[in-house]
Amino acid sequence: MERTDTPMLPDDGVTAALTAGGVTVLADTGGGRLPALTYWGPAVPGLDADLAAALITSSQPVHGTNDVEPRPRVALLPEQRTGWAGRPGLSGSFDGTGWSAAFTVTAVTLDGVPVGGFVTAGAATLEVHASDETGRLAVRVTLELRESGLLRVRAQLRNLAPGTYTLDSLTPALPIPPGAVELLDFTGRHNQERVPQRSTLFTGAHVRENRKGRTGADSAYLLHAGTAGFDFASGDVWAVHTAWSGNHLHYAERVHTGEQLLGGGELLLPGEIRLGTGETYETPWLYGAYGKGLDEVARRFHRHLRAREKPVSAGRPITLNVWEAVYFDHDTERLIDLAERAAAIGVERYVLDDGWFGSRRDDFSGLGDWVVSADVWPAGLHPLVDRVRALGMQFGLWFEPEMVNPDSDLARAHPDWIMAARAEWPVESRHQQVLNLAIPAAYEHIRTQMLAILDEYDIGYIKWDHNRDLVEAGDQTHGGRPAVHAQTLAFYRLLDELRAAHPGLEIESCSSGGARVDLGVLERTDRVWVSDNIDPHDRQRMLRWTTQLVAPEFLGSHIASGRSHTTGRRHDLGYRAATAIFGHLGIEWDLAEASAGELEELGAWLAFYREQRGLLLGGDVVRMDGYDDRILVHGVLAPDRSRALFAMVTTDSILPDPAARLRLRGLEPERRYRVRPVTVGKELSGLAPPPWWGEDRSGQVLTGSILEQAGVACPRLFPDQVVLYRADAV
């Protein structure tokens, strides 16, 4: 960190220029005001105090007719008192007073060291402390630039006064330049998560609110704004993500004077946060990413996840989940037979899904009673766990700790533990209600039962499900007050305490598929379930877009049975497997129904995955533009660009046939690579290979530049087929 006290910038204050990962952020507190970002974008070389002062001065706009003077300065928490007519960063009051606070900065630190004047640093954390003019409120704004070039910001509000401050919202926002005119975010539903949608950024607000008590299959996920026509490889793109697993929002806003913002935070229900004297509320992190094209934006998030304190190994075990093989039919001999078949072909982790506890013979009863069923498992789970471990596999187990069936011992004993806003319970969904983990006794009950299972059995993995939205999620013990915020924090605490007690435990976030996928849950879990739909035709696009935020090694990606349980479509094993390998590989298939030939082919795919998983789960993701919507081209590059693995996918009949040339982006332009097709298991039916493949499939040697700019001829393919290509430096 370098500090320069002179020259002082206009109106004094602190100005910080942070540069890391090819990104520069310029923040200033001129005039003692809350921090504002004057610049956020590509790295600016040589940014010193004089240039920073000039940049700040030259960025100040003139005012238009009938505008306030001076034009509002938009801080990371936009303030109404400046004349800002857009969404305020802080909304709340002391029973109707103090609703428009005027904050003045009292202290600024950089990586914990008090600073003044102009400071420069690489990856660093800037904290700005301020209080309002009445001395009743204090705020701390934290801005952090990560080594990946990822920016994140959060705010903390403290009530210093007697009485109660009712907080309606505390929502940070990041400025984006006028050239960002197009928006991209996501929607979806159960079994069809992460559906992209584009729109134009007009004057006004594009607001995506999620009130489901969990992230949601239809969540905005990431909200991007970019220059016209931005795609995977090109265009200036800014994006935000709210790292919170409860109610939340994302928004893009342009006001009539042209200022534009991307913001997000927790969505608070009425009266949910009431701060007494000395009490605080802190927002979740709002992450911001800038990049040239969507791939660079995604790569910043991937590098952030890969740098987390508890990293996920690219060598993580191949998984078999038995849900679609047996559902609730838990027969010990059958389950052991599945374990033996799985181990024989190279599976490394075995997961027992729903149905092992209480009265849980179907989905109508038993949730909340986390005790091994003596009726189904008279000797406990030991016979199955011991056999799985003897076969050299890890053992995993399914839980849904936040849910309860009305037909359960728990609900009958403690009906007041169920979340409700009134005397009667909310409408049911999937025969479930929600257990209020914010009630200490309810929390301790679930924690004790889960720890008892984890203490008794050798369990290395939990599949943690959450199968319904939170409707009227109130706390009955406090008159039905909203409790989604408290529930989310209790969920995080339960994850933390279980992992502290069992440090080697891995946890997957499943939520009726992919309805709880966010950076908040990924601070505490090791895997997310992309969707309950593992039909490879649909999974191709779900994997393609889920990787916009989440790195491949965190994505549960399973080889389905021949006929999809969710769509009824049938697909060749090659298509199912070549789709699934671009994530953390697993199997969701009754192996007892597989033929000897299918088991042999499946074993070949698992062997190929083990050979390549360092690349598949540790490389840089590339998604190609310029193809018909029925053709998807994507791949992963080794960080040193020594090799790559790409897939070309046809999801329907195409025109022209064969398709446009295959192009591979991201390899070193002047380096030579041998490119060749990869065949695992059976040859594709109906395949008409191009001449360059060669009779021995040895392929061709070309430079990275040629492969990106000119490409190579494609084969003819049937719909729903994948051809894999590898590129190795020579």
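## Helix packing and backbone features in a predicted model

In this predicted model, Leu573, Gly574, Ala577 and Ala578 of α10 are in contact with Glu598, Glu601, Leu602 and Trp605 of α11. By class, the residues of this contact comprise 5 nonpolar, 1 polar and 2 charged. Helix α10 spans residues 573-580 and helix α11 spans residues 596-616; the two pack at an angle of about 20°, and their axes lie 11 Å apart. Angles under 35 degrees count as roughly parallel, and α10 and α11 are therefore roughly parallel to each other. The crossing of α10 past α11 is right-handed.

Two further helix pairs can be described in the same terms. Helix α7 (residues 440-456) packs against helix α8 (residues 484-501) at an angle of about 30°, with the axes 11 Å apart. This angle makes α7 roughly parallel to α8. The contact involves Tyr443, Ile446, Arg447, Met450, Leu451 and Leu454 on the α7 side, and Ala490, Arg493, Leu494, Glu497, Leu498 and Ala501 on the α8 side. Its residues divide into 9 nonpolar and 3 charged, with no polar residue. Helix α7 passes α8 in a right-handed crossing.

For α4 and α5, the axes come within 10 Å and cross at roughly 10°. Helix α4 is thus roughly parallel to α5. Helix α4 contributes Thr332, Leu335, Ile336, Ala339 and Glu340 to the contact, while α5 contributes Pro383, Leu384, Arg387 and Val388. The contact of α4 with α5 has 6 nonpolar, 1 polar and 2 charged residues.

| Helix pair | Angle | Axis separation |
|---|---|---|
| α10 and α11 | about 20° | 11 Å |
| α7 and α8 | about 30° | 11 Å |
| α4 and α5 | roughly 10° | within 10 Å |

Just after α5, glycine 392 adopts a positive phi of about 90°.

Positive phi values also occur at residues other than glycine. Serine 512, which is not a glycine, has a positive phi of about 40°. This serine is located in the loop between β32 (506-509) and β33 (527-529). With a relative accessible area of 6%, serine 512 is buried. Aspartate 720, likewise not a glycine, has a positive phi of about 55° and is found in the loop that runs between α12 (704-709) and β41 (721-729). Aspartate 720 is buried, its relative accessible area being 17%; the cut-off for a buried residue is under 20%.

One joins glutamate 69 and proline 70, with omega about -10°; proline 70 lies in the loop between α1 (49-58) and β5 (90-93). Another joins leucine 655 and proline 656, where omega is about 0°. Proline 656 is in the loop between β38 (643-650) and β39 (672-678).

Conventions. Residues are numbered from 1 along each chain as its sequence is written. This is a predicted model: local features need pLDDT of at least 70, side-chain atom pairs count only at pLDDT 80 or more; totals for chains, interfaces and linings use all residues. Side-chain values use heavy atoms; hydrogens and water are left out. Axes are lines fitted to C-alpha atoms, for helices over the stretch in contact, and angles run from 0 to 180 degrees between N-to-C directions. Helices (H or I, at least four residues) and strands (E, at least two) are DSSP runs, numbered from the N terminus. Angles under 35 degrees count as roughly parallel, over 145 as roughly antiparallel, 65 to 115 as roughly perpendicular and the rest as oblique. A crossing is left-handed if the near helix is turned anticlockwise from the far one by less than a right angle, and right-handed if clockwise. Contact means heavy atoms within 4.5 Å. Ala, Val, Leu, Ile, Met, Phe, Trp, Tyr, Cys and Pro count as nonpolar, Asp, Glu, Lys and Arg as charged, and the others, Gly among them, as polar. Buried means under 20% relative accessible area, exposed over 50%, partly exposed in between (1.4 Å probe, protein chains only).
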